Amino acid sequence: MSRGPRTSPPGSGVALAFGLSALSSIGLTVVYAFGGQPQLEGLLLGVALGGLAVGLVRWAQDLMPGGGYVEQRDTEMGGTLQSDAAVRLFERGEEEVQRRSFLGKALGAALGALGLAALFPIRSLGSAPGTSLVVTPWADGIRAVTIDGEPVRPEELAIGGVLTVFPDGHPDAADAQTLLIHLSPGTYRPVTSDREGWAPEDFVAFSKVCTHAGCPVGLYQPADHRLFCPCHQSIFDVLEAAAPIAGPATRPLPQLPLRIDTEGYIAAGGDYSEPIGPGYWSRPRA
Amino acid sequence: MRHVQGRAGWAVKVLTALGAVALGGCAYTSNLTSPYRSQEPVADGPERGRVLYLRDCAWCHATDGSGTGRGPDLISGTNGAAMTDFMLSTGRMPINDPSEPTRLSPPSYNPAEIEDLVAYVSAFGGEGPPVPVVDSEAGDLALGLELYQENCAACHSTTGVGGALAAGPDPFDETLIAPSLIRSTPVQTAEAMKVGPGTMPVFGSETFSDMEVNSIVRYLSHLQRPDDRGGLPLGHVGPVTEGAIGWLVGVGAALVIVRLIGTRVGEE
Amino acid sequence: MLRQTAGWFDTRLGTSAFVQKALTKVFPDHWSFMIGEIALYSFIVLLLTGTFLTFFFDASTSHSVYRGAYEPLNGVEVSDAYRSVLELSFDVRAGLVMRQIHHWAALVFIGSIVVHLCRVFFTGAFRRPREINWIIGVLLLILAIFNGFSGYSLPDDLLSGTGLRIAYSIALSVPLVGTWMAFLLFGGEFPADEIIGRLFVVHIMIVPALIIGLLTVHLAVVWRQKHTQFREPGRTEGNVVGSRLWPSYAAKSVGLFFAVSAVLCVMGGLAQINPVWLYGPFEPQQVTSPAQPDWYLGWVEGALRLVPAFDVRLFGYEIPNPFFPAVLLPGVTFTLLLAWPFLEQHFAHDKEAHHLLDRPRDHPVRTALGATTLTFYTVMFVAASNDLIAKWLGASIFGITLVFRILILIMPPLVGWGTYRLMKALTASGAGHLSEMPLAALTNGASADGHGSRVHEGKAHTGDGHAGDGPAGNGLGAPAEDAHAPRG
C-alpha cells in the first residue's frame, strides 16, 4: 500500500503494537485475578489480539518482500491421457470380477441387506406418532387448572380476562395448553349448532397452539376479541370460533367444549373440536 | 426551456397548495381544541376536580360521565378511580380531538389535580376498582418473574420493551402497540392489570392476589433496570439488532481490515 | 535445531520437497481473496471459545435449582441446560465474554461466508475447474446455518424454545414422512426431553466434524488448483502473481487471524448478545414478542411471514402452509446454488477453464441475475422484522406486510434490470471503476452501448479471451518461474 512520508524508522510501529499487545495481556491477567469483568475482558483481549494483528501486518507490508512473485500453473491438470490409463486399469479388474457374476450379485445382496438392517436403529430415535397428534389429555369432566394446578371457578376471571389452563393432572401437556377467555355477556356465537352449549357463563376455551407453526397464541385483545400470534402475525377472531382473519394461518384454533362441574369448577366437556396445532400430511379432517 | 419553466411553475403551485393545506390543518386543529381546553391553572380548592372535569372532559364524556357520541361513558365496565388515574397519570388523557389515538405521554396535570379529578369521576358511581396500593418490596422476585413470563411477556416482551399487536386485517388500520413498560410506575402497572385499558385483557383481583401483583411489579422494576452484564443492551429486542450489529460492525470491520491488508487491482 | 527437526522428518516422510514448494507458493494479494479467510478465522474462534463452553454446558432438560448471582432466578427450578448457561453468564469467571464472543463469531462466520460466496459468484470464480469447490462451499454454508441454529437452540431459553417449536412444525409439514421425521428428530411429540441432548451432539461434534472435513478439502482444492486472479498486466491464464507464502503472506494471514479475533473479542466484551436471563426459561405455553431467529435464518422467517394463507389438500392429505416457505424455498435455493456452475456452463455455452476473473460488468447477465437473487432474499430478510418495523414506524403490521409482498414482486426484477443497464453503461464508458464513470453514461447508455465498447475494447478487457491475455511486461512476469521483482 502506498503510505505517506515516514519520520520514525520502519519497524518502530510494529514494536509498539507488540508492546501494547503484551501490556494488554498483562492487564487481562490482572482483571481476571480480581474476579473478572466482561467488558474489560473483551476489550483487553481485543487489544492484545489487535496489537498482534497490527504488528504482523505492518511487519509484512513494510519490511518483508511483497507481491510480484510469479508461479506457473500446472498445465496438465484436467488432461485426459492419465485418466484414460486409470480407466483401463479399472476395467481390467472389473473383467475379472464379472467372470464370477453370480458371486458379485450375492455380494450385492448381502451388502444391501446389511444396509437395510443398519437403518433399524433410526427407528429407536423416537416414539411412533400414532394418535398422539390427534388426541390430548382433555376429556369430558376433566377440570381446567392453572399451571400451578389450581382449578378455576367462573368468578375468578373478570370479563375481558384470559388465563392459560391445562387439563387437571397434566400441567406439562404442551399439546393441551388452552386459553380460557371470559367474554362479555351474550357475545358468544356458536358457529355450529353442536357448539351451542360450549360456553357456559360466557367462558370459551381455545387451543393456545397456533395452527400455522405451533407458537403459543399468547396475545389476547378483548376490545376487539382478537388473538394474535407473535411469531408470524396470524390473527384469530374469538367470536368467530377463533377463525383466522389475517396472517398465514389457514385453520381456526380448535375449540374446547366447556361446562361447569357439580362443584362449580370449569371443566372440559370433551376433547378439542379437531386436532390441535400445525398441519401435517395425514391430519384427519374435522 | 419554456416547457421546463412550465413544469417548475406547476410544482410551485402544488407545493403552495400543500403548504396551505398543512397550515390550514394546524389552524383547524387548534381552533377545535381551544374552546374546550384552556391551559390556565385552576386554583386549589374543593371545586378544582369539578372545574377541571367540566372544562377538559365533559365535552366528550358528558357532565355526568354518561358519555357522548365523541367519547365513552366513565361508569360501565372497569371504569372508575383506577381507570381514571391510569389514563390521566400516563398522559393518555386528555386528548385534543376525539379521533386521536390515546398515547403514552407526559401527564397534562400535576398529581394533586389528578387526585381531584379521580375523586370527582369516581363520584359518578363507576364500578371499576379503586386506585390500588402497591408495595413492590412485599413481592417475591422469582414469583414475579414466573407470573410476568406467563401473563405479560407475550405482548410486552420478556424484556418489557413492548411490541406490535394485531392491528388488522385491514392494512390501513392504525397501529396497535403493547407499550414499553420501562417507564411504568408500580401503581400504573397495577392499575393497568386491574382495569385492562385499551386492548389489554383484565387481570383483576379475582385472578391475582395483592401478593402476586406486588411480585409482578417487583420483577418489572428489575426489568426497568436490568442486569446488562453483557454490555450494550442493543434495545433489548433480540436477534434483529444483534444481526444488524453483526453485519455492520462485525462483518463490516473484517472487510475493512482485509481491504487494508490486501491490494486493489493496479496496486502493488 | 530447525535443521535437525527438518532432517528427522525428511528422512522418515520425505517432506522437504513439499515444504520447499509450500514455502515459495504464490498467493495473489487482492483484498477480496481474503474474505474466505475471515470465515476460516471466525470458525477457529468458534472452535476455541466453543471448547471452553462445552466444559460448563449441561445438555439436559432435567430440572435443578439455580443458585447464583442472577437474583430473579436464584432459587428457581429450571432445566439443567438453562441453569448451566446462567452459571456461565454470571458465575463462571470469563464465562460470559466467551459465550458472547462465540455467538458474535457465529454471526460473523456465516456473514463472511455469504460475502465470500458473492465475491466468487460475481467474479466468475466458480467456473471450470472450480465447480468442486463451489459445491463444497455451498455445503459449508448449509452446515454453518444448521450449526448456528442448533447452537442458538441449546440454552433452552424462551426465545430459542420458540424457535425449536417452529422447527418441529416445519419438520411436521413435510409430505408423507413429516410426522415420523419430526418424532424421530425430536424423540417424540414436542417438547420432547431428548432434543437438547441431541442438538448438543450435533452442534459440538457431528456438524463441526463435517465442517472441518469439508473445509480441509476446500483449502486443499484451492492449494491444488491455485488462486484465481484479476486481469492485470503480467497476469495470465497460465500463472499466479502475488506474495510468497513464507514469510510475507503467512505474516499477513496470521495477522488477519488476530485482527478478526480482536474484532470478535471487542464485540463479545462490549455488545450484549442473547441475554437468556432476560428471556427467561422455556415453558411451552409462554411466548415473547418480538420473536425472531438469528439473522442467517431471517430469510426463512420472513418467507413464513410473507406467504399468504393457503394449504394444499390432495386426496384427503394435506401439505400445510409452512412447507412452502420453510422447506420448499430453502430446498430450491440450495439446489439452484449447487447447480449454478453447471447451469451457467450450459446456458452460456462456456465449458472452458478460467483462471482469470471476470469483473461484474464483463458478464452483465450473471451480475444482474445475482443482484436479482440477492434483492429477493434481502426483502424476505427485512420482512422478518415486520412487527418491529410496524412498531418503529407506527404503522399497521399488515400494512407493512402488504408493502413487503409488493416489494418482493417488483424489487428483484427492477434491481436486476437496473444492474444490467449499469453494467452495460460501465463497459461502454470504459471507466476503470464505478466511481469514475460519468453519470451521462448511464442516462444515454443506449446510444453509447455500441460506440463505447468499440472504442475501449482493448483497455477494458471485455473480450472473453482466456489464453495468454495481456502482455507479461512491467518487469513483473519474467519468464523464469518464481522470478522476483522488488516492489515498486
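## Cysteines of chain B

B:Cys60 counts as buried, with a relative accessibility of 17%, where buried means under 20% relative accessible area, exposed over 50% and partly exposed in between (1.4 Å probe, protein chains only). The structure is a predicted model, in which local features need pLDDT of at least 70 and side-chain atom pairs count only at pLDDT 80 or more, while totals for chains, interfaces and linings use all residues. Residues are numbered from 1 along each chain as its sequence is written, chains are lettered from A and ligands numbered from 1 in the order in which they are written, and side-chain values use heavy atoms, with hydrogens and water left out.

B:Cys152 is likewise buried, at a relative accessible area of 14%. The closest cysteine sulfur to that of B:Cys152 belongs to B:Cys155 and lies 8.9 Å away, which is too far for a bond.

## The disulfide of chain A

Over all chains the count comes to 1 disulfide, the term being applied to a pair of cysteine sulfur atoms within 2.5 Å. The bond joins A:Cys215 to A:Cys231, with an S to S distance of 2.2 Å. Because the torsion about this S-S bond is about -95 degrees, the disulfide between A:Cys215 and A:Cys231 is left-handed.

A:Cys215 lies in the loop between strand 5 (203-207) and strand 6 (219-221) of chain A, and A:Cys231 in the loop between strand 7 (226-228) and strand 8 (235-237), so the pair ties together parts that are 16 residues apart in sequence; helices (H or I, at least four residues) and strands (E, at least two) are DSSP runs, numbered from the N terminus. A:Cys215 is buried at 1% relative accessibility, and A:Cys231 is buried with a relative accessible area of 1%. B:Cys60, by contrast, is in no disulfide, and the nearest cysteine sulfur, that of B:Cys57, is 8.9 Å away.

## Interface of chains B and C

The contact (heavy atoms within 4.5 Å) takes 66 residues from chain B and 70 residues from chain C. Buried area is the accessible area (1.4 Å probe) that two parts lose on being put together, summed over both; between chain B and chain C the buried area is about 5,400 Å², of which carbon and sulfur atoms give 66%.

## Interface of chains C and A

Here 94 residues of chain C are in contact with 75 residues of chain A, and the area buried between the two chains is about 7,400 Å², 62% of it from carbon and sulfur atoms. The interface of chain C and chain A holds 1 salt bridge, formed by A:Arg283 with C:Glu318, whose closest N and O atoms are 3.0 Å apart.

Technical notes: Salt bridge = Lys/Arg side-chain N within 4 Å of Asp/Glu carboxyl O.
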